[in-house]
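Here are my notes on the model, as numbered points. Have the structure open while you read.

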Amino acid sequence: MARDRANIRTDIWNDDDFRSLSPHAQLLYLQLLTSATLTYAGVADWRPKRIAALAAGRTPKQTEDAAQELADGLFVVIDEETEEVLIRSFLKHDGLLQKPNVTKAMVTAYGQVYSMALKGVIVHELNRLHDKFPDWRGFVLPEVQALLGNRSVNPSELVSNRSPNPSEKKAPLLTTNYLLLATDNHLPAIGERSLESEFERAYEWWPKKTEKKRSLAKFLSLAKTMNVDALVADIIRFGKAYTDTTDKRYVPALVVWLNGERWNDEPPVADTAAINAQWDAAMREQVDPCAGGHKWAVDGSCVRYPCPARRGE
(Lines give C-alpha, C1' and ligand atoms only; values in the text may rest on other atoms or scores of the structure.)
Protein backbone atom coordinates (compact mmCIF):
# COMPACT_ATOMS: atom_id res chain seq x y z
CA MET A 1 0.00 0.00 0.00
CA ALA A 2 1.56 3.30 -1.11
CA ARG A 3 1.43 6.39 1.09
CA ASP A 4 0.28 9.88 0.06
CA ARG A 5 2.13 11.74 2.82
CA ALA A 6 5.22 11.42 4.99
CA ASN A 7 5.90 11.94 8.67
CA ILE A 8 9.24 13.74 8.94
CA ARG A 9 10.51 14.54 12.42
CA THR A 10 12.05 17.99 12.74
CA ASP A 11 14.61 16.69 15.22
CA ILE A 12 16.30 14.89 12.33
CA TRP A 13 18.51 17.99 12.12
CA ASN A 14 19.69 17.37 15.68
CA ASP A 15 21.02 13.94 14.75
CA ASP A 16 24.80 14.11 14.49
CA ASP A 17 25.02 11.13 12.13
CA PHE A 18 22.50 12.64 9.72
CA ARG A 19 24.20 16.06 9.78
CA SER A 20 27.51 14.41 8.98
CA LEU A 21 26.12 13.15 5.66
CA SER A 22 26.90 14.92 2.41
CA PRO A 23 24.21 17.18 0.88
CA HIS A 24 23.55 14.59 -1.85
CA ALA A 25 23.03 11.82 0.74
CA GLN A 26 20.73 14.02 2.86
CA LEU A 27 18.65 14.93 -0.20
CA LEU A 28 18.37 11.30 -1.27
CA TYR A 29 17.24 10.26 2.21
CA LEU A 30 14.48 12.88 2.24
CA GLN A 31 13.44 11.91 -1.28
CA LEU A 32 13.14 8.26 -0.29
CA LEU A 33 11.20 9.20 2.84
CA THR A 34 8.71 11.19 0.73
CA SER A 35 8.58 8.76 -2.19
CA ALA A 36 5.13 7.94 -3.55
CA THR A 37 6.19 4.28 -3.64
CA LEU A 38 7.06 4.12 0.07
CA THR A 39 4.92 1.52 1.85
CA TYR A 40 3.89 1.15 5.48
CA ALA A 41 6.77 -1.30 5.86
CA GLY A 42 9.26 1.47 5.04
CA VAL A 43 10.18 -0.02 1.64
CA ALA A 44 10.28 2.01 -1.59
CA ASP A 45 11.23 1.37 -5.20
CA TRP A 46 14.95 1.70 -5.92
CA ARG A 47 15.32 3.27 -9.39
CA PRO A 48 18.45 5.51 -9.36
CA LYS A 49 17.82 7.03 -12.81
CA ARG A 50 14.27 8.03 -11.97
CA ILE A 51 15.30 9.40 -8.59
CA ALA A 52 18.11 11.42 -10.17
CA ALA A 53 15.59 13.01 -12.56
CA LEU A 54 13.78 14.60 -9.61
CA ALA A 55 16.56 17.20 -9.19
CA ALA A 56 17.89 19.30 -12.06
CA GLY A 57 21.49 18.57 -13.02
CA ARG A 58 21.88 15.51 -10.79
CA THR A 59 23.26 12.36 -12.42
CA PRO A 60 22.44 8.70 -11.67
CA LYS A 61 26.07 8.26 -10.60
CA GLN A 62 25.66 10.96 -7.93
CA THR A 63 22.49 9.24 -6.76
CA GLU A 64 24.24 5.88 -6.53
CA ASP A 65 27.18 7.40 -4.64
CA ALA A 66 24.75 9.03 -2.21
CA ALA A 67 22.97 5.69 -1.78
CA GLN A 68 26.28 4.02 -1.01
CA GLU A 69 26.91 6.64 1.68
CA LEU A 70 23.49 5.99 3.23
CA ALA A 71 24.02 2.23 3.07
CA ASP A 72 27.46 2.51 4.69
CA GLY A 73 25.86 4.45 7.55
CA LEU A 74 23.02 1.88 7.78
CA PHE A 75 20.42 4.56 7.16
CA VAL A 76 19.04 2.37 4.38
CA VAL A 77 19.41 -1.18 3.10
CA ILE A 78 19.19 -1.64 -0.67
CA ASP A 79 18.58 -4.80 -2.67
CA GLU A 80 19.39 -4.05 -6.30
CA GLU A 81 18.20 -7.44 -7.49
CA THR A 82 14.61 -6.69 -6.45
CA GLU A 83 15.00 -2.90 -6.87
CA GLU A 84 13.86 -2.15 -3.33
CA VAL A 85 15.20 0.08 -0.58
CA LEU A 86 14.34 -0.06 3.13
CA ILE A 87 14.51 2.99 5.41
CA ARG A 88 15.60 1.40 8.66
CA SER A 89 14.26 4.01 11.09
CA PHE A 90 10.85 4.24 9.41
CA LEU A 91 9.08 1.79 11.76
CA LYS A 92 10.49 3.58 14.79
CA HIS A 93 9.69 7.17 13.87
CA ASP A 94 6.50 6.95 11.82
CA GLY A 95 4.31 6.00 14.79
CA LEU A 96 2.35 3.30 12.97
CA LEU A 97 3.08 0.66 15.64
CA GLN A 98 1.06 2.74 18.10
CA LYS A 99 -2.01 2.57 15.84
CA PRO A 100 -3.30 -1.03 15.47
CA ASN A 101 -5.27 -0.33 12.28
CA VAL A 102 -2.22 1.15 10.56
CA THR A 103 -0.06 -1.64 11.98
CA LYS A 104 -2.20 -4.13 10.02
CA ALA A 105 -1.34 -2.19 6.87
CA MET A 106 2.34 -2.60 7.77
CA VAL A 107 1.91 -6.38 8.04
CA THR A 108 0.24 -6.42 4.61
CA ALA A 109 3.04 -4.32 3.14
CA TYR A 110 5.64 -6.66 4.66
CA GLY A 111 4.04 -9.55 2.78
CA GLN A 112 4.44 -7.63 -0.49
CA VAL A 113 8.21 -7.13 -0.11
CA TYR A 114 10.10 -9.22 -2.68
CA SER A 115 13.56 -9.18 -1.06
CA MET A 116 14.07 -11.85 1.59
CA ALA A 117 17.03 -9.82 2.89
CA LEU A 118 14.85 -6.76 3.47
CA LYS A 119 12.15 -8.89 5.06
CA GLY A 120 14.76 -10.17 7.52
CA VAL A 121 15.91 -6.65 8.37
CA ILE A 122 12.31 -5.54 8.97
CA VAL A 123 11.85 -8.42 11.43
CA HIS A 124 15.12 -7.44 13.13
CA GLU A 125 13.95 -3.84 13.53
CA LEU A 126 10.54 -4.97 14.83
CA ASN A 127 12.17 -7.14 17.49
CA ARG A 128 14.42 -4.27 18.57
CA LEU A 129 11.42 -1.98 18.92
CA HIS A 130 9.44 -4.64 20.79
CA ASP A 131 12.26 -5.00 23.31
CA LYS A 132 12.42 -1.23 23.80
CA PHE A 133 8.72 -0.32 23.54
CA PRO A 134 6.72 -3.46 24.49
CA ASP A 135 3.67 -1.35 25.39
CA TRP A 136 3.13 -0.06 21.86
CA ARG A 137 -0.40 -1.10 20.93
CA GLY A 138 0.50 -2.64 17.59
CA PHE A 139 2.57 -5.36 19.24
CA VAL A 140 -0.51 -7.04 20.73
CA LEU A 141 -1.83 -7.98 17.30
CA PRO A 142 -1.41 -11.70 16.51
CA GLU A 143 -0.20 -10.80 13.02
CA VAL A 144 2.69 -8.81 14.49
CA GLN A 145 3.45 -11.53 17.04
CA ALA A 146 3.76 -13.95 14.13
CA LEU A 147 6.12 -11.56 12.32
CA LEU A 148 8.37 -11.33 15.37
CA GLY A 149 9.01 -15.05 15.03
CA ASN A 150 10.13 -14.82 11.40
CA ARG A 151 13.73 -14.99 10.25
CA SER A 152 15.71 -11.96 11.47
CA VAL A 153 18.66 -10.37 9.66
CA ASN A 154 20.93 -7.89 11.45
CA PRO A 155 21.88 -5.27 8.82
CA SER A 156 25.21 -4.61 10.51
CA GLU A 157 26.19 -8.21 9.74
CA LEU A 158 25.52 -7.94 6.03
CA VAL A 159 28.65 -7.95 3.89
CA SER A 160 28.36 -6.09 0.58
CA ASN A 161 31.47 -7.70 -0.95
CA ARG A 162 32.79 -4.49 -2.41
CA SER A 163 36.15 -4.41 -4.13
CA PRO A 164 39.07 -3.55 -1.80
CA ASN A 165 40.73 -1.65 -4.65
CA PRO A 166 39.34 1.91 -4.77
CA SER A 167 40.34 2.26 -8.43
CA GLU A 168 38.06 -0.61 -9.42
CA LYS A 169 34.37 -0.12 -10.03
CA LYS A 170 32.32 -0.74 -6.91
CA ALA A 171 30.19 -3.82 -6.82
CA PRO A 172 26.45 -3.22 -6.41
CA LEU A 173 25.01 -2.62 -2.99
CA LEU A 174 23.28 -5.41 -1.13
CA THR A 175 22.25 -7.78 -3.90
CA THR A 176 20.83 -11.20 -3.14
CA ASN A 177 23.39 -12.85 -5.42
CA TYR A 178 26.08 -12.53 -2.80
CA LEU A 179 24.44 -11.49 0.44
CA LEU A 180 26.41 -13.05 3.25
CA LEU A 181 25.70 -13.14 6.95
CA ALA A 182 28.31 -13.07 9.68
CA THR A 183 26.31 -15.81 11.43
CA ASP A 184 24.88 -19.14 10.28
CA ASN A 185 21.39 -17.61 10.05
CA HIS A 186 21.04 -18.21 6.30
CA LEU A 187 18.14 -16.93 4.27
CA PRO A 188 15.47 -19.48 3.33
CA ALA A 189 15.60 -21.16 -0.04
CA ILE A 190 12.13 -20.18 -1.18
CA GLY A 191 13.35 -17.16 -3.13
CA GLU A 192 11.02 -14.21 -3.31
CA ARG A 193 7.91 -16.04 -2.13
CA SER A 194 6.73 -14.93 1.30
CA LEU A 195 6.20 -17.44 4.09
CA GLU A 196 2.62 -16.27 4.40
CA SER A 197 1.91 -17.08 0.75
CA GLU A 198 3.51 -20.50 1.18
CA PHE A 199 1.22 -21.18 4.13
CA GLU A 200 -1.82 -20.13 2.11
CA ARG A 201 -0.79 -22.45 -0.70
CA ALA A 202 -0.53 -25.39 1.70
CA TYR A 203 -3.66 -24.49 3.70
CA GLU A 204 -5.76 -24.59 0.55
CA TRP A 205 -5.27 -28.37 0.46
CA TRP A 206 -6.12 -28.99 4.12
CA PRO A 207 -9.70 -30.32 4.32
CA LYS A 208 -10.54 -28.96 7.78
CA LYS A 209 -10.60 -25.16 7.80
CA THR A 210 -10.31 -24.41 11.53
CA GLU A 211 -7.72 -22.72 13.80
CA LYS A 212 -6.15 -20.89 10.84
CA LYS A 213 -4.41 -18.16 12.87
CA ARG A 214 -2.86 -20.65 15.26
CA SER A 215 -1.87 -22.84 12.33
CA LEU A 216 -0.14 -19.89 10.64
CA ALA A 217 1.74 -18.97 13.82
CA LYS A 218 2.97 -22.55 14.21
CA PHE A 219 3.91 -22.74 10.53
CA LEU A 220 5.97 -19.53 10.80
CA SER A 221 7.69 -20.88 13.91
CA LEU A 222 8.59 -24.16 12.19
CA ALA A 223 9.78 -22.31 9.08
CA LYS A 224 12.68 -20.88 11.10
CA THR A 225 14.27 -24.31 11.51
CA MET A 226 12.77 -26.45 8.73
CA ASN A 227 12.92 -26.57 4.95
CA VAL A 228 9.80 -24.63 3.98
CA ASP A 229 9.33 -26.36 0.63
CA ALA A 230 9.44 -29.79 2.29
CA LEU A 231 6.98 -28.71 5.00
CA VAL A 232 4.53 -27.36 2.43
CA ALA A 233 4.83 -30.57 0.39
CA ASP A 234 4.06 -32.68 3.48
CA ILE A 235 1.00 -30.58 4.36
CA ILE A 236 -0.35 -30.93 0.82
CA ARG A 237 0.42 -34.68 0.74
CA PHE A 238 -1.39 -35.36 4.01
CA GLY A 239 -4.22 -32.97 3.11
CA LYS A 240 -4.92 -34.94 -0.05
CA ALA A 241 -4.73 -38.25 1.85
CA TYR A 242 -7.19 -37.03 4.50
CA THR A 243 -9.56 -35.79 1.80
CA ASP A 244 -9.56 -39.19 0.08
CA THR A 245 -9.85 -41.40 3.16
CA THR A 246 -11.18 -39.61 6.25
CA ASP A 247 -14.45 -38.01 7.27
CA LYS A 248 -13.77 -34.29 7.76
CA ARG A 249 -15.03 -34.54 11.34
CA TYR A 250 -12.05 -36.73 12.23
CA VAL A 251 -9.38 -34.73 10.43
CA PRO A 252 -7.16 -32.86 12.93
CA ALA A 253 -6.83 -29.09 12.70
CA LEU A 254 -3.63 -28.18 10.90
CA VAL A 255 -2.13 -26.65 14.07
CA VAL A 256 -2.70 -29.95 15.91
CA TRP A 257 -1.04 -31.84 13.07
CA LEU A 258 1.93 -29.44 13.11
CA ASN A 259 2.31 -29.53 16.90
CA GLY A 260 2.43 -33.32 16.79
CA GLU A 261 5.05 -33.33 14.00
CA ARG A 262 2.77 -35.76 12.22
CA TRP A 263 4.55 -35.33 8.89
CA ASN A 264 6.70 -38.18 10.27
CA ASP A 265 3.64 -40.50 10.41
CA GLU A 266 2.31 -42.71 7.64
CA PRO A 267 -0.38 -40.89 5.61
CA PRO A 268 -3.92 -42.23 6.16
CA VAL A 269 -5.06 -44.90 3.70
CA ALA A 270 -8.45 -46.35 2.81
CA ASP A 271 -9.66 -49.17 5.07
CA THR A 272 -9.90 -52.10 2.62
CA ALA A 273 -11.57 -54.40 5.15
CA ALA A 274 -14.32 -51.84 5.76
CA ILE A 275 -14.82 -51.42 2.03
CA ASN A 276 -15.21 -55.18 1.56
CA ALA A 277 -17.66 -55.37 4.48
CA GLN A 278 -19.79 -52.65 2.89
CA TRP A 279 -19.74 -54.61 -0.37
CA ASP A 280 -20.86 -57.86 1.31
CA ALA A 281 -23.67 -56.11 3.15
CA ALA A 282 -24.85 -54.47 -0.04
CA MET A 283 -24.86 -57.77 -1.93
CA ARG A 284 -26.86 -59.47 0.82
CA GLU A 285 -29.46 -56.73 0.62
CA GLN A 286 -29.27 -56.77 -3.20
CA VAL A 287 -28.56 -53.05 -3.21
CA ASP A 288 -26.40 -51.47 -5.85
CA PRO A 289 -23.37 -50.23 -3.83
CA CYS A 290 -22.52 -47.79 -6.58
CA ALA A 291 -25.87 -46.05 -6.62
CA GLY A 292 -26.01 -42.30 -6.61
CA GLY A 293 -24.16 -41.54 -9.80
CA HIS A 294 -21.32 -44.10 -9.58
CA LYS A 295 -20.51 -45.90 -12.80
CA TRP A 296 -19.32 -49.43 -13.42
CA ALA A 297 -16.27 -50.41 -15.42
CA VAL A 298 -16.23 -53.33 -17.88
CA ASP A 299 -14.70 -55.65 -15.27
CA GLY A 300 -17.57 -54.96 -12.86
CA SER A 301 -15.64 -52.65 -10.53
CA CYS A 302 -16.64 -49.10 -9.71
CA VAL A 303 -14.65 -46.45 -11.53
CA ARG A 304 -15.22 -43.85 -8.82
CA TYR A 305 -13.18 -43.81 -5.63
CA PRO A 306 -13.76 -44.31 -2.75
CA CYS A 307 -16.37 -46.97 -3.48
CA PRO A 308 -17.40 -50.25 -1.80
CA ALA A 309 -15.99 -52.31 -4.65
CA ARG A 310 -13.48 -55.08 -4.02
CA ARG A 311 -10.22 -54.72 -5.79
CA GLY A 312 -8.82 -57.71 -7.63
CA GLU A 313 -12.19 -59.51 -7.96
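1. Which residues does Ile122 touch, not counting residues up to four places away in sequence? Ile122 touches Ala41, Val43, Leu86, Leu91, Tyr110 and Val113, where a contact means heavy atoms within 4.5 Å.

2. Before going on, a word on where the numbers come from. This is a predicted model, so local features need pLDDT of at least 70 and side-chain atom pairs count only at pLDDT 80 or more, while totals for chains, interfaces and linings use all residues. Residues are numbered from 1 along each chain as its sequence is written, and side-chain values use heavy atoms, with hydrogens and water left out.

3. Now the overall picture. The protein has 13 helices and five strands; these are DSSP runs numbered from the N terminus, helices being H or I with at least four residues and strands E with at least two. Of its 313 residues, 42% count as buried. Buried means under 20% relative accessible area, exposed means over 50%, and partly exposed is in between, with a 1.4 Å probe and protein chains only. Among contacts with a separation of 6 or more, 67% are between residues 24 or more positions apart.

4. Back to Ile122 and its surroundings. The largest nonpolar core has 48 residues, and Tyr29, Met106, Ile122 and Leu126 touch the most other members. Helix 7 (residues 116-132) gives the most to this core, with six residues. A second, separate core of 22 residues includes Ala202, Phe219, Ile236 and Trp257. By nonpolar core I mean a set of buried Ala, Val, Leu, Ile, Met, Phe, Trp, Tyr and Cys residues joined through side-chain atoms within 4.5 Å. In soluble globular proteins, nonpolar side chains tend to be buried together.

5. Ser115 caps the N-terminal end, with a side-chain oxygen 3.3 Å from the backbone nitrogen of Ala117.

6. Next, the strands. Strand 3 (84-87) pairs in the antiparallel sense with strand 1 (residues 43-45) over three bridges, and in the antiparallel sense with strand 2 (residues 76-79) over four bridges. Pairing here requires that DSSP finds at least two bridges between the strands. Val85 of strand 3 stands opposite Ala44 and is also the bridge partner of Ile78, while Glu84 is the bridge partner of Asp79. Strands 2 and 3 form a hairpin with four residues between them, and Glu83 in the turn has a positive phi of about 55 degrees.

7. Both faces of these two strands are covered. In strand 3, Glu84 and Leu86 are buried on one side, and Val85 and Ile87 on the other. In strand 2, Val76 and Ile78 are buried on one side, and Val77 and Asp79 on the other.

8. Take a look at Arg88, in the loop between strand 3 and helix 5 (90-93). Arg88 counts as buried because its relative accessibility is 16%. Its side chain makes a polar contact with the side chain of Glu125 (2.9 Å), and a polar atom of that Arg88 side chain lies 3.0 Å from the backbone oxygen of Leu74. A polar contact is a pair of N or O atoms within 3.5 Å; within protein, one must be able to donate a hydrogen and the other to accept it, and residues adjacent in sequence count only if both atoms are side-chain atoms.

9. Last, helix 11 (residues 228-245). Its 18 residues should span 26 Å at 1.5 Å a residue, and its end C-alpha atoms are 26 Å apart, which agrees. Its buried residues include Leu231, Ile235, Ile236 and Phe238, and the cover over the buried residues includes helix 9 (195-203), helix 10 (212-223) and helix 12 (254-259). Asn227 caps the N-terminal end, with a side-chain oxygen 2.8 Å from the backbone nitrogen of Ala230.

Methods. Expected span 1.5 Å × (residues − 1).
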